[in-house]
Amino acid sequence: MSIQVANQISQELEPRRFNVAEYRKMAEAGILKNDEQVELLNGEIWEKYLGTRRRFTVSEYYKMAEVGILKDDERVELIHGKIIKMSPIGNPHKACVDRLH
């Protein structure tokens with residue numbers, strides 16, 4: 001899959017939204033730096049003067065899980081710096097996985 005196609009797909013998927021407590025926890029955990037010009041708007045973190053959504057690194061994504069912002073059973077994925085909500089596993093997929101185990 002090309003980067004262009006992956007970017008288009010990630011734009012169409014629903015982003016994982018954050019609440020104020022999670023936003024503060026990101027700052028406390030060092031995911032959001034003190035000098036970083038970001039703000040929480042409609043559950044998404046935006047770079048104030050660039051007008052773009054803040055993208056996350058793999059290490060920041062894992063840190064969010066480590067400090068409890070992302071839950072173990074939460075179906076999310078990091079795609080090109082965006083944390084995206086994944087659709088639930090359907091019955092055919094679940095049956096196939098169950099059979100493999």
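Predicted model: local features only at pLDDT ≥ 70, side-chain atom pairs only at ≥ 80, totals over all residues.
Trp46 stands opposite Arg53 in strand S3. Residues are numbered from 1 along each chain as its sequence is written, and side-chain values use heavy atoms, with hydrogens and water left out.

S2 (residues 44-47) and S3 run antiparallel and are joined by 2 bridges. Two strands count as paired if DSSP finds at least two bridges between them. H2 packs on the sheet and touches S1 and S2. The direction of H2 makes about 160 degrees with that of S1. Such angles run from 0 to 180 degrees between N-to-C directions, with axes as lines fitted to C-alpha atoms, for helices over the stretch in contact. Contact means heavy atoms within 4.5 Å.

The sheet is open, has 3 strands in the order S1-S2-S3, and pairs in the antiparallel sense. Its edge strands are S1 (38-41) and S3 (52-53), each of which pairs on one side only. Strands of a sheet pair through backbone hydrogen bonds, either parallel or antiparallel. Between S1 and S2 there are 4 bridges. Here Leu40 stands opposite Ile45 in S2.

Now look at the turns. S1 and S2 form a hairpin with 2 residues between them. S2 and S3 form another hairpin, with 4 residues between them. Gly51 in that turn has a positive phi of about 70 degrees. Most residues other than glycine have a negative phi. Asn42 is not a glycine, yet its phi is positive, about 50 degrees. Asn42 is found in the loop between S1 and S2. It counts as exposed, at 64% relative accessibility. Exposed means over 50% relative accessible area, buried under 20%, and partly exposed in between (1.4 Å probe, protein chains only).

His80 also has a positive phi without being a glycine, near 50 degrees. His80 sits in the loop between S4 and S5. At 33% relative accessibility, His80 counts as partly exposed.

Step back to the whole chain. Its secondary structure comes to 4 helices and 5 strands. Helices (H or I, at least four residues) and strands (E, at least two) are DSSP runs, numbered from the N terminus. From that end, the elements run α-α-β-β-β-α-β-β-α. Of the 101 residues, 26% count as buried. The chain exposes about 7300 Å², and carbon and sulfur atoms supply 52% of it. These areas come from the Shrake-Rupley method with a 1.4 Å probe; for residues, only the protein chains shown count as cover. Among contacts with a separation of 6 or more, 44% are between residues 24 or more positions apart.

Helix H3 (residues 58-66) comes next. Glu60, Tyr61 and Met64 are buried in it. Seen down the axis of H3, its buried residues fall within an arc of 105 degrees, so they line one face of the helix. The arc is that of the directions from the helix axis to the C-beta atoms. The face turned away from the buried side carries the exposed residues Val58, Ser59, Tyr62 and Glu66. What covers the buried residues of H3 includes helix H2 (20-28), strand S4 (76-79) and strand S5 (82-85). After H3 comes Gly68, with a positive phi near 90 degrees.

The whole structure holds 2 aromatic pairs. One of them joins Tyr61 and Tyr62 edge-to-face, at 5.8 Å centre to centre and 70 degrees between the planes. Rings of Phe, Tyr and Trp (its six-membered ring) pair if their centres lie within 6.5 Å; planes under 30 degrees apart count as stacked, over 60 as edge-to-face and the rest as tilted. Tyr61 counts as buried at 16% relative accessibility, whereas Tyr62 is exposed at 55%.

Finish at Ile31, in the loop between H2 and S1. Ile31 is buried, with a relative accessible area of 2%. Leaving aside neighbours within four places in sequence, its contacts include Met26, Phe56, Glu60 and Met64. Ile31 and Glu60 are 29 residues apart in sequence and 5.8 Å apart in space, C-alpha to C-alpha.
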